[in-house]
Amino acid sequence: MVEVFAVASGKGGTGKTTSTLALGMALAREYDVTVVDADTGMANLLFHAGLTDAETTLHDLLLADTDGAVSAATYERHGMTVVPCGTSLAAFEAADPDRLRHVVAALAGDCDVLLLDSPATLAARSAVLPVVLADRVVVVLQPTIPSVSDGLKVGEYARSYGTETAGVVFNKVHGDLGRVADRVERQFGAGTLATVPDSDVVRAARDAGEPLLTHAPESRAASAFREAAATLDPEPRRPGRVADRFRDVVPAGP
């Protein structure tokens, strides 16, 4: 049994990948967790997870004529199973995004929690698939009008496909949010999972090619992500539901 979460933002630069890995590591203390870099056009999870030398990535699994096993692109790192995506433009163009449902369905059978690091835009079909495939979406925001506005679009899109919103992670926060959190919670219809302070240790972790919870486990930012993970309370569901859900809500064709 598994629950699939899409970690999304609607805007680049909010700290989505940092959040995905941090939530995954925190959840891995209790659950069997798999993290997938589903941002096939602008992948960077491999840099954060120290997997720049990965021989096989998600791109290889998305090729139309591939017969490779999904396990070939899985790597055990930081107490989790990690599926990185490559950064080649040619590989992105050759990939068939519809195959993502097969990959996710295969991975869902072997874990308790599956986290999809989602693209920062809803402009392309490949970008919205993680939200469609997920049971719930975690929306990562900065407390700015553009970030909240784009995040609300993610929430609306998720609802249109029956994907629930698990909650909001406010990231890169300076000072007190004041009433911003209350207003955003009302708009999303979901609570705040964590308020993560802006911190030099987060940037240092990224530069070191390490997840935040490995690089600075006692930092305030790391503690905030652990609190968010504790609030998520995963609800494992039938693994086959992932492929069924995709088939029901996404029409065939380009």
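User: Hi! Is K172 buried, exposed or something in between, and what is its relative accessibility?
Analyst: K172 counts as partly exposed, with 29% relative accessibility. Keep in mind that this is a predicted model.

User: Where does K172 sit?
Analyst: K172 lies in strand β7. Its phi is near 55 degrees, a positive value in a residue other than glycine.

User: And what about H78, what is its phi?
Analyst: H78 is not a glycine either, yet it has a positive phi of about 55 degrees. You'll find H78 in the loop between β3 (75-77) and β4 (80-83). H78 is partly exposed, at a relative accessible area of 28%.

User: Thanks! Switching to pockets: how much space is in the largest pocket?
Analyst: The largest pocket holds about 390 Å³ of space. Lining it are 21 residues, and the closest to its centre are G13, T14, G15, K16 and N44.

User: Which elements each supply at least two residues of that lining?
Analyst: α1 (16-27), β7 (164-173) and α9 (200-208) do. By class, the lining of the largest pocket has 4 nonpolar, 10 polar and 7 charged residues.

User: How much space is in the second largest pocket?
Analyst: About 160 Å³ lies there. Its lining includes A26, L27, R226 and D233.

User: Which elements give two or more residues to the lining of the second largest pocket?
Analyst: Those are α1 and α11 (220-232). The largest share, 3 residues, comes from α11.

Technical notes: Residues are numbered from 1 along each chain as its sequence is written. This is a predicted model: local features need pLDDT of at least 70, side-chain atom pairs count only at pLDDT 80 or more; totals for chains, interfaces and linings use all residues. Side-chain values use heavy atoms; hydrogens and water are left out. On a 1 Å grid over the protein atoms alone, a cavity is a set of points where a 1.4 Å probe fits but cannot get out, and a pocket is an open set with protein on both sides within 12 Å along at least five of seven lines; lining residues have an atom within 4 Å of a point. Grid points are joined across faces, edges and corners, and a volume is the space filled by probe spheres set on the points. Helices (H or I, at least four residues) and strands (E, at least two) are DSSP runs, numbered from the N terminus. Ala, Val, Leu, Ile, Met, Phe, Trp, Tyr, Cys and Pro count as nonpolar, Asp, Glu, Lys and Arg as charged, and the others, Gly among them, as polar. Buried means under 20% relative accessible area, exposed over 50%, partly exposed in between (1.4 Å probe, protein chains only).
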